[in-house]
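Reader: I'd like to learn how to read a structure like this one, feature by feature. Can you walk me through it?

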Amino acid sequence: MDSASSETVTGPRSEDALPSSTNVAVKLVVVGGFGVGKTTLVRSVSEIRPLTTEETMTQAGATVDDNTGVERKTATTVAMDFGRISLNEEMVLYLFGTPGQERFWFLWNGLFDGALGAVVLVDTRRLEASFDVMGRLEEASVPFIVAVNAFPDAPSYAQDDLRDALDLPPSVPIVACDARHRDSSRDVLMTLMHHLRSLATTSEAM
Ligand SMILES: Nc1nc2c(ncn2[C@@H]2O[C@H](COP(=O)(O)OP(=O)(O)OP(=O)(O)O)[C@@H](O)[C@H]2O)c(=O)[nH]1
Ligand SMILES: [Mg+2]
């Protein structure tokens, strides 16, 4: 083989290595309607360079996809986003972001397998885009929290009104976030982890 033209094969980057003390891995999914900020959240919070499968949106897609409210969006996830965050020395979270566009939803069932919980990202300009995803999580028995991603021109809701509009039981936490900011995205994941812990504690007590 011509060594000059062969590609250099490298192993994982050392900064991507997990500490040897890590002994719990948790799979979480980030779901929500088209353009609510799923890829942005996975990107902002991931400590490794996230895997994203974004493709440029073309004029051809305009007849297929409903981009009402996100007309300025130029790229969309076609398969999934993947990121990782260590919560402490023992626990690592693996994050899987789903595609938001309906025509890629056939991929979802596999993405939910083994997921301990989910973040449903919501844009209050398009609440109806979240109904279907919440139904799917309920069907798959994946517990979730709702994170309202703050877009500048989005209407703000009192928490009770939003709960009513989304038809959510009081047990499902609702938090506000800005998916572009690491700390805010991390807080969302911490809320989900606390929720999962309290569900586990409740079921142990029964
Ligand atoms: N103002 C504001 N803009 C945001 C926020 N989160 C995401 N955006 C912007 O919204 C657009 C859509 O974000 P994406 O992360 O691609 O959304 P997505 O849910 O992954 O989209 P699909 O994969 O196509 O469903 C991008 O241009 C982001 O920069 C936010 O919290 N605030
Ligand atoms: Mg995306």
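Reader: How many of the seven residues of strand E4 (residues 91-97) are buried?

Author: Quick ground rules before that. This is a predicted model, where local features need pLDDT of at least 70 and side-chain atom pairs count only at pLDDT 80 or more, while totals for chains, interfaces and linings use all residues. Residues are numbered from 1 along each chain as its sequence is written, chains are lettered from A and ligands numbered from 1 in the order in which they are written, and side-chain values use heavy atoms, with hydrogens and water left out.

Author: Now the terms. Helices (H or I, at least four residues) and strands (E, at least two) are DSSP runs, numbered from the N terminus. Buried means under 20% relative accessible area, exposed over 50%, and partly exposed in between (1.4 Å probe, protein chains only). In E4, six of the seven residues are buried, so the strand is largely enclosed by the rest of the structure.

Reader: Which strand pairs with E4, and in what sense?

Author: Two strands pair if DSSP finds at least two bridges between them. Here strand E1 (residues 24-32) runs parallel to E4, with seven bridges. Within that pair, Val29 stands opposite Phe96 in E4.

Reader: And strand E6: are its faces covered or open?

Author: Both are covered: Phe144, Val146 and Val148 are buried on one side, and Ile145, Ala147 and Asn149 on the other. E6 pairs in the parallel sense with strand E5 (residues 117-122) over five bridges, and Val122 is the residue opposite Val148.

Reader: What should I look at around ligand 1, and which residues are closest?

Author: Start with the shell: a residue is near a molecule if one of its heavy atoms lies within 4 Å of it. Ligand 1 has 20 residues around it, the closest being Lys38, Thr39, Thr40, Thr76 and Asn149. Helix H1 (38-45) and strand E3 (75-86) each give at least two residues to the shell, and H1 has the largest share, with three.

Reader: Which polar side-chain atom lies 2.5 Å from an oxygen atom of ligand 1?

Author: One belonging to Thr40. A polar contact is a pair of N or O atoms within 3.5 Å. Thr39 also has a polar side-chain atom 2.9 Å from a ligand 1 oxygen, and a polar backbone atom of Ala179 is 3.2 Å from one. Overall, the protein covers 82% of the 650 Å² of accessible area (Shrake-Rupley, 1.4 Å probe) that ligand 1 has on its own.

Reader: Is Gly83 buried or exposed?

Author: Buried, with a relative accessible area of 0%. Gly83 sits in strand E3. Leaving out residues up to four places away in sequence, Gly83 touches Val42, Ser46, Leu93, Tyr94 and Leu95, where contact means heavy atoms within 4.5 Å.

Reader: Where is Ser141, and what is its phi?

Author: Ser141 lies in the loop between helix H3 (131-139) and E6. Its phi is positive, about 55°, although Ser141 is not a glycine. Ser141 is exposed, at 61% relative accessible area.

Conventions:
Polar contact = N/O pair within 3.5 Å; in protein donor to acceptor, adjacent residues only side chain to side chain.
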